[in-house]
Amino acid sequence: MAKFILLINNKNYPVEVEPNTPLLWVLRDKLGLTGTKYSCGEGICGACTVHIDGNAERSCIVSVKDAEGSSITTIEGLAENPEHPIFKTWIELEVSQCGYCQPGQIMTLAAMLNKNSSKQEIEKEMSTVLCRCGTYHRIRKAVSKLVEGK
């Protein structure tokens with residue numbers, strides 16, 4: 001076991017885990033930040049997406065040792081602002097269905113909007129976050145509304 005200090009949602013968290021422990025397990029099992037979801041465990045589906053230094057990253061394939069020293073934001077951190085335009089749009093357009101992929105969808109979109117990415121870049125990146133219940137149409141509608149509202 002090794003000790004790490006992680007900066008998550010603007011707070012420092014000390015954790016003691018094996019250095020190669022995926023960040024996802026530290027967030028969920030050690031810190032109780034369960035908004036970040038486990039799904040494929042291979043960085044494919046995007047359900048576990050968090051921001052690391054502002055970039056959307058799949059926390060299931062980032063080790064805790066690689067995350068130390070970075071600023072990490074989870075869906076809980078983004079939700080500290082309930083007036084965030086993504087949340088307001090998601091609710092207005094009733095985007096969520098089962099909701100399992102939604103933290104990954106929202107975190108991916110937030111990173112892209114923060115970088116002033118084009119609509120095409122956003123849609124391409126958003127297509128890498130898988131939704132089991134097929135809310136893609138509503139997600140696309142929300143993305144369009146948010147991009148056009150910039």
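Mentor: We start with how two parts of the chain touch: 19 residues of domain 1 are in contact with 16 residues of domain 2. Keep in mind that this is a predicted model.

Trainee: Which residues belong to domain 1 and which to domain 2?

Mentor: Domain 1 covers 2-78, and domain 2 covers 81-149. Taken over C-alpha atoms, their centres are separated by 21 Å.

Trainee: What area is buried between domain 1 and domain 2?

Mentor: The size of an interface is often given as the accessible area lost when the parts come together. Here the area buried between domain 1 and domain 2 is about 1,500 Å², and carbon and sulfur atoms give 60% of that. On the side of domain 1, the residues that lose the most area to domain 2 are His51, Ile75 and Leu78, together 36% of what that side buries. As for elements, β3, β4 (55-58) and α3 (75-78) each supply at least two residues of the side of domain 1 that touches domain 2.

Trainee: How many salt bridges does a search of the whole structure find?

Mentor: Side chains of opposite charge can pair when their charged atoms come close. The search of the whole structure finds two salt bridges. In one, the side chains of Glu92 and Lys145 meet at 2.5 Å, N to O. This pair links distant parts of the chain, with Glu92 in helix α4 (residues 85-92) and Lys145 in helix α7 (residues 136-148), 53 residues apart. Another joins the side chains of Lys88 and Glu83 at 3.2 Å, N to O.

Trainee: How is an aromatic pair read?

Mentor: A pair of aromatic rings is described by the distance of the centres and the angle of the planes. This structure holds one aromatic pair. Trp25 and Tyr38 form it, 4.9 Å centre to centre with 45° between the planes, which is tilted.

Trainee: Where in the chain do Trp25 and Tyr38 lie?

Mentor: Trp25 is in helix α1 (residues 23-30), and Tyr38 is in the loop between α1 and β3 (49-52), 13 residues apart. Trp25 is partly exposed at 29% relative accessibility, and Tyr38 is partly exposed at 36%.

Technical notes
Residues are numbered from 1 along each chain as its sequence is written. This is a predicted model: local features need pLDDT of at least 70, side-chain atom pairs count only at pLDDT 80 or more; totals for chains, interfaces and linings use all residues. Side-chain values use heavy atoms; hydrogens and water are left out. A salt bridge is a side-chain nitrogen of Lys or Arg within 4 Å of a carboxyl oxygen of Asp or Glu. Helices (H or I, at least four residues) and strands (E, at least two) are DSSP runs, numbered from the N terminus. Rings of Phe, Tyr and Trp (its six-membered ring) pair if their centres lie within 6.5 Å; planes under 30 degrees apart count as stacked, over 60 as edge-to-face and the rest as tilted. Buried means under 20% relative accessible area, exposed over 50%, partly exposed in between (1.4 Å probe, protein chains only). Domain bounds come from an automatic or database domain assignment. Contact means heavy atoms within 4.5 Å. Buried area is the accessible area (1.4 Å probe) that two parts lose on being put together, summed over both.
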